[in-house]
Amino acid sequence: MAIQEQETAAEPVRLFRINTGSCNGCDVELAVTSAVAEFDVEQLGCRYTESAREADVLLVTGPLTVKARDEVLRLYAETPRDRLTVAVGVCPVSGGVFRDSYAVDGPLDRHLPVDVNVTGCPPRPQALLEGIRTALEIRKARREGVEPIHEPGDRKPSHADNFPARGRLSFDAAACVDCRMCRHVCAAGAIRFEAGKQGVRLTLWHNSCVFCGLCSHYCPTGALSVTGDWRLDHRAADAFRQVDRGEVLYEPCAGCGEAIIPAAPQLLHAAFRRPNPEIEKLKNLCPACRQQMSIGVPRR
């Protein structure tokens with residue numbers, strides 16, 4: 001990946017990292033951006049500093065624990081007024097898997113302004129560089145007296161590789177059977193189902209997804225899959241646009257006309273490998289009509 005230098009000023013942009021109680025996963029990835037030449041922040045005209053007073057950009061990791069909160073706010077108060085804040089990983093953005101913990105007082109934007117989110121658990125070094133680049137763009141725009149405007153639907157181009165891990169999840173509504181196993185196994189609460197008049201809508205929040213892949217692993221039809229698209233950085237103001245949605249439509253039962261979610265072909269193939277025409281007839285029947293057709297007795 002070619003990262004073009006954005007900052008041409010003689011003085012480098014100084015980055016200051018604050019750990020608010022993280023597992024250190026994101027901190028390890030940040031270490032890569034100073035230790036590995038391919039991902040070095042110096043190619044963006046940046047350099048790390050150990051002093052909060054010198055910070056141009058804050059990089060904040062962790063879910064903001066109760067114990068760390070006062071120290072984090074003290075360090076933030078020491079930084080220059082024109083600094084930007086980048087939330088690194090899902091923990092400072094939404095709490096991730098720690099969101100309901102009594103020991104956590106996040107998300108971070110409850111306590112201080114956040115400019116850029118780089119979600120993931122942890123985000124790749126490439127994603128961190130893109131997030132820092134976004135912060136530099138905002139910094140440049142503000143110094144020129146303008147605030148970047150994003151229209152609804154704006155989304156940065158995908159950056160995918162052939163390694164489907166630690167990337168954006170993809171949802172195929174045509175394969176979903178509304179079993180909701182994905183929501184059950186999602187420790188971060190990134191998946192929500194809503195029943196409507198026409199069908200069931202799934203919403204996947206990328207700002208909460210921790211890339212664990214359990215939803216994809218347990219999905220019986222492959223409706224959810226992990227991709228290699230690692231680019232999830234975005235302006236914090238666009239946080240609620242970072243979602244994937246899909247609707248699974250109701251269809252009438254072929255027997256009684258009741259509205260049902262029909263069995264997807266992927267489910268029949270997973271259960272029977274080579275479903276015959278008799279089995280294919282079952283997919284458009286409600287449970288009561290399937291029982292009646294299969295064993296000839298009404299459902300109790």
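Is C209 buried or exposed? I began my notebook with that one, and C209 turned out to be buried, at 7% relative accessibility. A reminder to myself: this is a predicted model.

**Entry on cysteines**

Next I looked up how many disulfides the structure holds, and I found zero. I wanted to see what that looks like around C209. The closest cysteine sulfur to that of C209 belongs to C215, and at 6.3 Å it is too far for a bond. Then I turned to C256, which is in no disulfide either. Here the nearest cysteine sulfur is that of C286, 3.7 Å away. I had to check the cut-off for this one: a disulfide needs the two sulfur atoms within 2.5 Å.

**Entry on aromatic rings**

How many aromatic pairs does the structure hold? I found one. Its partners are W205 and F240, with ring centres 6.3 Å apart. Their planes stand at 90°, so I wrote the pair down as edge-to-face.

Where do the two partners sit? I traced W205 to strand β8, residues 199-205. F240 is in the loop between β10 (233-235) and β11 (243-249). The pair therefore ties together parts that are 35 residues apart in sequence.

Last, I looked up the accessibility of both partners. W205 is buried, with a relative accessible area of 18%, whereas F240 is exposed, with 68%.

Definitions and conventions. Residues numbered from 1 in each chain as written. Predicted model: local features only at pLDDT ≥ 70, side-chain atom pairs only at ≥ 80, totals over all residues. Heavy atoms only, no water. Phe/Tyr/Trp six-rings, centres within 6.5 Å; stacked < 30°, edge-to-face > 60°. Helix = DSSP H or I, 4+ residues; strand = E, 2+ residues; numbered from the N terminus. Buried < 20%, exposed > 50% of the residue type's maximum accessible area, 1.4 Å probe, protein only.
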